[in-house]
Amino acid sequence: MPDNPILIAGAGIGGLTLALALARSGQSSITVEQRTRVEEVGAGIQLSPNASRLLIGVGLGQALAKAAAEPERLTIYSGKSGKILAGMPLGETMRARYGAPYLTIHRADLQTILLDAVRGSENARLAFGRKVSAIHTNNAREVSIECESATTRETVTGKALVGADGLWSNVAGLIGDTSKPEFLRHIAWRGLVSRNDWPESLPANETGLWLGRGAHLVHYPIKGGAMINVVAVTSDPENEPGWSRQGDPAKIAARFSTWHADVQNAVGAVGHWTVWSLFDRPPRRRWSDNRVTLLGDAAHPVLPFLAQGGALAIEDASVLASEIIAHAEYPIRALSSYEHRRKPRSAKIQAAARQNGDIYHMGWPLSVARDLAMSRMNVAERYAWVYGWRADPTP
Ligand SMILES: Cc1cc2nc3c(=O)[nH]c(=O)nc-3n(C[C@H](O)[C@H](O)[C@H](O)COP(=O)(O)OP(=O)(O)OC[C@H]3O[C@@H](n4cnc5c(N)ncnc54)[C@H](O)[C@@H]3O)c2cc1C
């Protein structure tokens, strides 16, 4: 077992990026994941330059280039008329401006790339099929966690614990924040289409964003362009909160039946839909307690109206790793400095995502003003603060 490791609860995007960033700097870690294997449902994720730069920085550039796609542009359409409202170039323009690409990738591919890199690191241990169920701050020098599997109970000790355990964070509860996320009565539908089955009238190598009353739809290429990922978010006041489940194609087809023909065709091309309930929570008052802190969705879930939840988890991991390395003998100071550095940005991104949700789903007549404002908007400048983020040097 690694000597005086950092303990990480959760092998999602955030937990694995942290394990990798620590390993690259010579700090050992043990990541405990409740699932027996990491399996992502068929869906994509957009990796904007603020995130891709960090993943490339920990040595994943080649693997990402092989598995991801790089759309040429973002185009924002009126869902009803199909009129182009706004857009911005991606591809080379993003690389030139931010020094890193805007990538789109299948979640399973990203997860596999991260996992392979962590597995290949001598000082990063992974323990699957174990749930972190208790925390003991034994003394001033270490923290212990109890990890339960179906048959065993094991105690693991390290110098700090990071709860990268997602929206329903158990670690947050164990350090005293038992507040629950709020169901927003919005449903995300996710599905994939092979490039060959993609409607001819719709550009395949772009991120397309279609806006309409109470819903929006996004599509972008993944797997080097061989597949198109489709995500639709609909307001659904009738629905109850729930975990991922199968979506009824007839229901989503009916929901978009009055939209532009291209949207109807894109919806019709998806064979299998998975449906997720969307949850939000206001910023947590504190993330850290003694030798324990939170990261990614556990600290600050982000609604998918800005495509930044995973990116923020990657940013968190990078900043936290640098703090842990800089204050190797003082982990409590490292965690509190990390929290201090990350809170303002994550709260700002959470708020911007919420605001986008309101704007995207406007109905008539507000949508008229929205469409006019969008047609005059410089999208690239509007989001420069999101994509151009770089960590301040560790104090
Ligand atoms: C529809 C939709 C589209 C999105 N699109 C984008 C996008 O394009 N770009 C983007 O950047 N973000 C996007 N996001 C957000 C992104 O998916 C999340 O923000 C990101 O996955 C959070 O990563 P995480 O590592 O913090 O948490 P998770 O991915 O939730 O990982 C947490 C892990 O912890 C494990 N765990 C939980 N409890 C325990 C325990 N007690 N013990 C051990 N393990 C435990 C879980 O099994 C899980 O593996 C989207 C989200 C949605 C819903």
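**Salt bridges and burial**

Analyst: K223 forms a salt bridge with D109, and their closest N and O atoms are 2.9 Å apart. The pair connects distant parts of the chain, 114 residues apart: K223 lies in the loop between β14 (215-222) and β15 (227-235), while D109 belongs to helix α4 (residues 107-119). This is a predicted model, in which local features need pLDDT of at least 70 and side-chain atom pairs count only at pLDDT 80 or more, whereas totals for chains, interfaces and linings use all residues. Residues are numbered from 1 along each chain as its sequence is written, and side-chain values use heavy atoms, with hydrogens and water left out.

User: Why is the contact of K223 with D109 called a salt bridge?

Analyst: The term requires a side-chain nitrogen of Lys or Arg within 4 Å of a carboxyl oxygen of Asp or Glu. The closest N and O atoms of K223 and D109 are 2.9 Å apart, so the pair qualifies. The structure holds 20 salt bridges.

User: What makes D109 buried or exposed, and how is K223 classed?

Analyst: Buried means under 20% relative accessible area, exposed over 50%, and partly exposed in between (1.4 Å probe, protein chains only). D109 has 18% and is therefore buried. K223 has 36% and is therefore partly exposed.

User: What is the separation of K343 and E339 in helix α9, and how is each of them classed?

Analyst: These two residues also form a salt bridge, their closest N and O atoms being 2.8 Å apart. K343 and E339 are separated by about one helical turn, because they stand 4 residues apart in helix α9 (residues 331-360). K343, at 24% relative accessibility, counts as partly exposed, whereas E339, at 10%, counts as buried.

User: Which residue forms a salt bridge with R370, and which residues are joined into one network?

Analyst: The partner of R370 is D371, with the closest N and O atoms 2.7 Å apart. R370 has a relative accessible area of 7% and is therefore buried. Salt bridges that share partners join E315, D316, R342 and R345 into one network.

**Paired strands**

User: How do you know that β3 and β6 pair?

Analyst: Two strands pair if DSSP finds at least two bridges between them. Q46 has T104 as its bridge partner in β6, and G44 has H106.

User: What makes both faces of β3 covered?

Analyst: G44 and Q46 on one side and I45 and L47 on the other are all buried. Strand β6 (residues 103-106) is likewise covered on both faces, with L103 and I105 buried on one side and T104 and H106 on the other.

Methods: Helices (H or I, at least four residues) and strands (E, at least two) are DSSP runs, numbered from the N terminus.
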